[in-house]
Amino acid sequence: MRKKSNMSSMMVTTIFLAVIGGVIYLYNSVMFERDKPTITVENAGYWNLRAPLKINIDDESGLLGYKVTLHSGEESFTLADEKFVTPEGTTRLELKTPKRAYSLKNREVTVEIEARDASKWNFFSGNTAKHSVTFKIDKKRPYISTIASSYRIIKGGSAVVIFKAEDDNMEEFYVETNFGKKFKAQPFYKEGYYVTLIAWPVTEAKFRATIIATDSAGNIAKSSVPVIPYNKRYKTSHIKLSDRFLNGKVSELAYAYGVDDSADIIERFKYVNEEMRHNNEEVIHDITSKVSDNKVSSFPIKKMYPLKNGQVVAQFGDHRLYSYKGEEISEAYHLGLDLASNAMSPIKSQNPATVTFAEENGIYGNMPVLYHGLGLYTIYGHCSTLMVKEGDTLRSNETVAKTGRSGYAMGDHLHFGVLVQGIEVRPQEWMDQDWIRKSITTPMREARKLINQR
Ligand SMILES: [Zn+2]
């Protein structure tokens with residue numbers, strides 16, 4: 001008898017433990033999770049009733065439905081109402097309001113979001129989250145207008161734009177080009193005014209620039225920059241590659257930078273002329289893309305002549321096509337001006353600058369980079385000795401380095417490059433006082449005059 005009762009009590013205990021275990025298992029399983037869906041709204045503060053509402057809904061067990069409603073006091077608009085049979089994962093909504101809501105006169109509206117998950121909790125009805133956001137209505141576009149600009153921009157060259165940009169809830173503004181470059185502007189002279197240098201890359205066939213301003217309510221304003229594009233033709237050079245050249249400096253560079261030993265001379269050349277060039281230019285573009293936030297009132301830049309008695313040995317913008325044994329194998333654009341004088345001649349900067357880089361950079365050899373403000377940089381390639389280091393502040397006419405033949409250079413020369421926010425531009429313009437006065441300093445002076453009259 002005792003034995004039997006022991007047996008049955010053991011069975012009861014086992015069943016009891018199994019039930020408890022099952023309950024604990026279910027309680028902790030995703031199927032019965034007790035967390036409400038998380039709802040986040042990307043828009044915040046201000047809204048123009050037109051820009052899409054960006055909503056993220058996330059839940060561990062998935063979503064069975066959501067509903068988004070816009071309340072304007074007297075009226076309500078359903079922006080979304082979805083129910084799912086199979087649970088949906090993380091959901092990102094971009095909701096548009098119906099057209100008739102555009103004309104609402106309210107100064108504030110509320111958006112209510114409700115989401116239900118697929119959990120079996122709450123007697124199989126799941127967890128429901130409710131989230132509501134109130135927006136102040138702002139339908140006014142930012143105000144933008146050009147105050148002054150250079151009269152024209154030459155293909156491969158630079159120009160300046162001074163504009164006004166104003167909005168109570170400004171988000172961002174910049175000058176954007178047809179090829180997708182965004183130029184960041186610096187504050188100019190008085191509050192609400194901005195200035196930026198702009199550039200037309202020699203590799204782009206067309207140029208068009210637009211000032212764009214957006215506010216946090218989603219309003220966008222655009223205004224075209226009235227600078228006239230002037231299409232200049234650049235030289236195309238056909239260069240025949242000799243075995244002597246390919247086995248000399250090219251192979252030396254290729255091996256130094258780790259090209260595969262088995263690579264033949266053509267592969268070695270392509271590696272130096274394409275891959276290395278690309279990586280080295282990326283380093284340059286990175287360093288020279290930065291713009292300060294300082295207020296600028298004038299830009300007293302002096303004409304540049306980095307090398308005294310420097311003879312031009314290669315022009316900016318040359319399109320070089322390389323052939324070997326009658327077959328075209330590679331190409332490149334020469335994005336600086338090559339100047340030669342005596343070997344190891346001193347290189348000087350006529351303008352004050354901050355040294356932002358002073359190291360070896362592949363095909364460019366030992367290469368200092370100077371920043372002159374307003375997004376304008378100069379680079380000096382193939383140097384022998386560097387006389388500056390990163391972080392140095394230079395006054396006018398200080399020696400930066402000595403010319404040499406480091407990197408991808410046959411003879412002692414200086415590769416002089418000028419960049420505007422990461423774009424190589426014609427150095428000739430910045431080496432011409434007359435061009436600087438007409439294209440840069442005069443528009444800036446005119447802008448100050450116009451601002452003072454307002
Ligand atoms: Zn060069």
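**Strands, turns and a surface patch in a predicted model**

Strands S1 and S3 run antiparallel and are joined by four bridges. One of the residue pairs here can be picked out by name: Val41 has Ile55 in S3 as its bridge partner. The structure described is a predicted model, so the details below are read from that prediction.

Strand S3, residues 53-58, also pairs with S6, again in the antiparallel sense, this time over five bridges. On this side, Ile57 has Thr91 of S6 as its bridge partner. Put together, these pairings give an open sheet of three strands, ordered S1-S3-S6 and antiparallel. The edges are held by S1 (38-41) and S6 (91-95); each has a single partner strand, so one side of each lacks a neighbour in the sheet. From one strand to the next, the twist averages 20 degrees.

S14 is joined by two bridges to S15, residues 193-199, and the two run antiparallel. Within this pairing, Pro187 stands opposite Tyr194 in S15.

How many bridges link strand S21 with strand S22? The antiparallel pairing of S21 (residues 319-324) and S22 (residues 327-333) extends over six bridges. One pair among them is Leu321 with Glu331, the latter lying in S22. The two strands form a hairpin with two residues between them, and Lys325 in the turn has a positive phi of about 50 degrees.

Most residues other than glycine have a negative phi. His382 has a positive value, with phi near 70 degrees, and is not a glycine. This histidine is found in the loop between strand S27 (376-381) and strand S28 (393-394). Is His382 buried or exposed? With a relative accessibility of 5%, His382 counts as buried, because the cut-off for buried is under 20%.

Gln421 sits in the loop between strand S30 (414-420) and strand S31 (423-425). Its relative accessibility is 2%, so Gln421 counts as buried. In sequence, Gln421 and Thr146 are 275 residues apart, while their C-alpha atoms are 20 Å apart in space.

The surface has its own feature to look for. Which residues form the nonpolar patch on the surface? The patch is made of Phe16, Leu17, Ile20 and Ile24, which together have about 400 Å² of accessible area. Ile24 lies in helix H1, residues 2-28. At a relative accessible area of 47%, Ile24 is partly exposed, because this value falls between the limits of 20% for buried and 50% for exposed.

Finally, the chain can be viewed as a whole. Its secondary structure comes to six helices and 31 strands. The radius of gyration is 33 Å, well over the 22 Å that the globule rule gives for 454 residues, so the chain is more spread out than a compact globule. Along the principal axes, the C-alpha trace spans about 115 × 70 × 45 Å. Of the 454 residues, 50% count as buried.

How values were computed: Residues numbered from 1 in each chain as written. Predicted model: local features only at pLDDT ≥ 70, side-chain atom pairs only at ≥ 80, totals over all residues. Heavy atoms only, no water. Patch = residues over 30% accessible without salt bridge, like charges linked within 9 Å, V, L, I, M, F, W, Y side chains within 5 Å. Areas by Shrake-Rupley, 256 points an atom, 1.4 Å probe, with all protein chains shown as cover. Salt bridge = Lys/Arg side-chain N within 4 Å of Asp/Glu carboxyl O. Buried < 20%, exposed > 50% of the residue type's maximum accessible area, 1.4 Å probe, protein only. Pairing = 2+ DSSP bridges. Axes fitted to C-alpha atoms, helices over the stretch in contact; angles between N-to-C directions. Rg over C-alpha atoms; globule rule 2.2 N^0.38 Å.
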